[in-house]
Amino acid sequence: MSNMELNLTVNGKKIKKTTQSHYRLLDFLREDLDLTGTKEGCGAGECGTCSVFINGKLVKSCLVPAAKADGAKIETVEGMGNPEKMSEIQKAFCATGASQCGFCIPGMVMAATSTLRNNPKANLEQIKEEMGGNICRCTGYQKIFDAVEMARDVINKEKSEKVFDEYEKPANSFIGANVKRIDAPSKVTGRLKYAADMKMPNMLHMQVLRSDRPHAKILSIDLSKAKKIEGVRGIVTSDDVPGIDNFGVFIEDQPVLAKDKVRYVGEAIVAVAADTLEQAKDAVNAIKIKYKDLPALYDPEEALKEKILIHEHYKTNLVKHIPIRKGNTEEAFKKADLIIEDEFSTQPVEHAYLEPMAGVSYVDQDGVLTIVSPSQNITHHRHMMAKIMNLPIHKVRFIMSPVGGGFGGKEDMIYQGMLALLATKTRQPIKYVMTREEDIVSTAKRHPSRTKYKMGLNKDGKIVAAEISMLADGGAYGCSTEGVMRKAAILGAGPYNIENLKMDTRGVYTNNTPSGAFRSFGALQTEFATESMLDIAAEKLNMDPFEIRRINAFVKGNLTHTKQELNSASINTVLNELEKLASWEKGSPQSRGNSRKDTFSKDNRDACELGARLKTNGNGKRVAR
Amino acid sequence: MLRYDNYFIPKTLKEYFDLTSKIKDCRIVAGCTDILPWAREGRGGDVFLKNVVDVSRIKELNVFKFGSKKVLLGAATNYQKLFLDKKIRKSLKVLPQVSVWFADDQIRELATIGGNIVNASPAGDGMPAFLTLNTKVTVASSKNKKIIKQKMPLEKFVKGRNKVALKNNDLLVDLEVENTDGYGACFEKVGHRRSLVISTVCVSSLVKLNKNKFQDVRIAVGGVCEVPTRLAKTEKFLKGKSIDENNIYAASMLDLDVIQSRSRREYRKEVLQNFIIRSILKSLGKNNVEEVIQKFDNKVELEMESAHV
């Protein structure tokens, strides 16, 4: 490991510092200068969380070797302002509520600053174009663009600074009120510390050896070379777990580190702590594992056949089957005027929170094992950890660091166990930050699903019966599969009063990446099928899609699919509002365009009916063109 | 993770050759926008290099000489310069158009034209544009402590996928392009998020008119074959012909066999043909070229003069 000396100016301060030769500008700013407002979201120049100015030009500091910055003037988000003295752009970001999780925001503030410096009168399209290198997962960008436009207008004296302070005092409810976000200044100035930004004295860096096999028996783990690497302070495997080695949001079936066999590509096998990140990486690369490959399961239909078992001791691949029975579907189908059957499938989805998984662990002066991480589920994690570490509950503490986006992805305790083992073993603080690639390969995704649907309706559009069966790929471990199956079953038939319902949701183990919690938690997959079926039904019955939903919508007094009596129901209010907002044109799906006033004019297409171009002939009849 | 012991930044060609004749084990870099994302899991993994030599600050690689016939661009010229420079915008219209499609403002500040060419990626966006500009490259090499410069056409320099005519510590110094003032130009590329997308198909075209006839037509394609290439039959067919949509359509079919890609061939074929037609029309100033360009434009007003003005 060799060093180099850098002489440069950072946020107006002259800096002379020896650093590691291979550091990127991002590493130098974060590790050596503790300027952690500059974040690392991807490390590959794609997300823009690390944007800084070099000699006035905005660049992504993950793509800049630190040596290139020698002699340069660097500006980071810390140089743009501080929570007491923010720039116009930072104030505008607070005012419009542009900072949500806040992880992309320092980069966004830098990109906005660059945009307005280059073009103080930038219009919305130009703002979008120049900020195109930065991505945000929470806001949908609207609030960010609003902020840049607001700042531009204040800087150009077209608006008063008062716009930064137009908050409302909530009367009876916060809902609907534009209230001040307390943590916004710390986020827009880059001062808020996420887990990856934290440092402690004597802190070690953790790296993880992960499986490159989908399903294999671990024959041996050779740590001899890794142990000899300079700076290595601790190595842990499944053998180091003192307590009951399993965790999971609903079913506790996942070991902290792979035990005897691996069940998916990306599963953790060995964790190493060393003085530096580089030493920990070297140690991981020096570990040799011998595997015996096992036949693997990738298809949930195959999983149901149970020729291969992912967790042998369960004697089944079924994680959870949730059945709901209401009325008698068989009898009801006999009386239906229309029966439609179809199949729907959905794919796995990555949460893509901009903050990769990260955490810090330490054992404090009273022997309390402490884990700091952006966990969305700390109380449950604490209980599981006490059991895994064989500690009384009062000797385990979880601190929730700011969550740089979660969307359900940070509900699983996927890496905190390794942090606990190494902090306990070395009695030094441990830090772990996943790379984007590691995060994508090892963490849970949205459940991919296949739904078989049979729906029976009357001529007037009333649903008389529905049979819905969903099969979901739960991946290698249970994670949130049970809960997701429950929600999929309970909510999947939609907010509709269906008297005869047969609903089954099944989640199974495979050797795919585990599936877990993700916004909507299973309801999306089955409701997607239900809503699609209603559109198909509307077309077949020549009905307005809104109307067919109103006819079936829950009203006060109805029984839900699980037979709970409803004291209130708001679906019709929502439908009416939606119809208004969408400028909905009434009519069945196959007659779009008939009542629109902007068709039939010189410059517009004629209305389409059933895919054919029609015109009105001399007798007033609609005929094909 | 990319690791190295030494990072050298020579300032002149002499310094560069003095240095690289002493240290044998070295990797040459310029903008570093490819090597850093490459040295990560799933691609290069953990990469160890002894020495890295950064050529982006070598004086000779940063020349910019604007002549009425030829323009000399140093190999370390970055894409943001191609995007913003007023002279380039007027007389080398195809270059700012490529730049719009070339990553985002922040990456364009770092990425160099030389690096893009030397990488010799089949999907590199710079290559088709420089082919249409009849580019000649200068390669410097060192023999007995003397620096020898050799000029060659770009077609000869890029020999295949990731293969260029550089030996030992030879260095690409500059690109000499034709001043194409008076030509209409167009660059087309498939992709959703312009800041990231890697070309599936890209087409670069230059068109010069004489009254209502094609005097000169140059079209190059990238993303569909080992090395981006000019479409000789299409160009030849159109030269001297009258500007007529039927002629353009007939020409667009002649070179579709250039596609070598293994995946999505039919799709690429359809896109390529559409791109040939569109790029010629746009080079002619038709089809609201200004509107499209202005949408992308965010700094200096780009005056897209059509070729016949």
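Guide: Chain B is split into domain 1 (2-54), domain 2 (60-178) and domain 3 (184-296), with bounds that come from an automatic or database domain assignment. This is a predicted model, in which local features need pLDDT of at least 70 and side-chain atom pairs count only at pLDDT 80 or more, while totals for chains, interfaces and linings use all residues. Residues are numbered from 1 along each chain as its sequence is written, and chains are lettered from A and ligands numbered from 1 in the order in which they are written.

Visitor: How many residues of domain 2 of chain B are in contact with domain 3 of chain B?
Guide: 20 residues of domain 2 of chain B are in contact with 25 residues of domain 3 of chain B; contact means that the C-beta atoms of two residues, placed from the backbone, lie within 7 Å. On the domain 2 side, helix H5 (94-100), helix H8 (126-132) and strand S8 (158-160) of chain B give two or more residues each. Helices (H or I, at least four residues) and strands (E, at least two) are DSSP runs, numbered from the N terminus. The centres of the two domains, taken over C-alpha atoms, are 21 Å apart.

Visitor: How confident is the predictor in chain B?
Guide: The mean pLDDT of chain B is 89, and 91% of its residues reach 70 or more; pLDDT is the predictor's confidence in each residue, from 0 to 100. Over residues 288-309 of chain B, though, the pLDDT is below 50, and this stretch has 37 contacts in the model beyond near neighbours in sequence. Where pLDDT is low, the predicted coordinates should not be read in detail. The model scores ipTM 0.90 and pTM 0.91.

Visitor: Which element gives the largest share of the side of chain B that touches chain A?
Guide: The contact takes 30 residues from chain B and 35 residues from chain A. On the chain B side, the largest share is six residues from S1(B).

Visitor: Why is A:Val52 called buried?
Guide: Buried takes 20 or more other C-beta atoms within 10 Å of a residue's own, exposed takes 12 or fewer, and partly exposed is in between, with C-beta atoms placed from the backbone. A:Val52 has 29, so A:Val52 is buried. This residue lies in strand S3 (residues 51-54) of chain A. Beyond its neighbours within four places in sequence, its contacts include A:Leu25, A:Ile74 and A:Met110.

Visitor: What makes a nonpolar core?
Guide: Such a core is a set of buried Ala, Val, Leu, Ile, Met, Phe, Trp, Tyr and Cys residues joined through C-beta atoms within 7 Å. The largest has 246 residues, and A:Ala271 is among those with the most contacts inside it. Strand S19 (residues 463-475) of chain A gives the largest share of this core, eight residues. A:Ala271 itself is in contact with residues including A:Met206, A:Met418 and A:Leu422.
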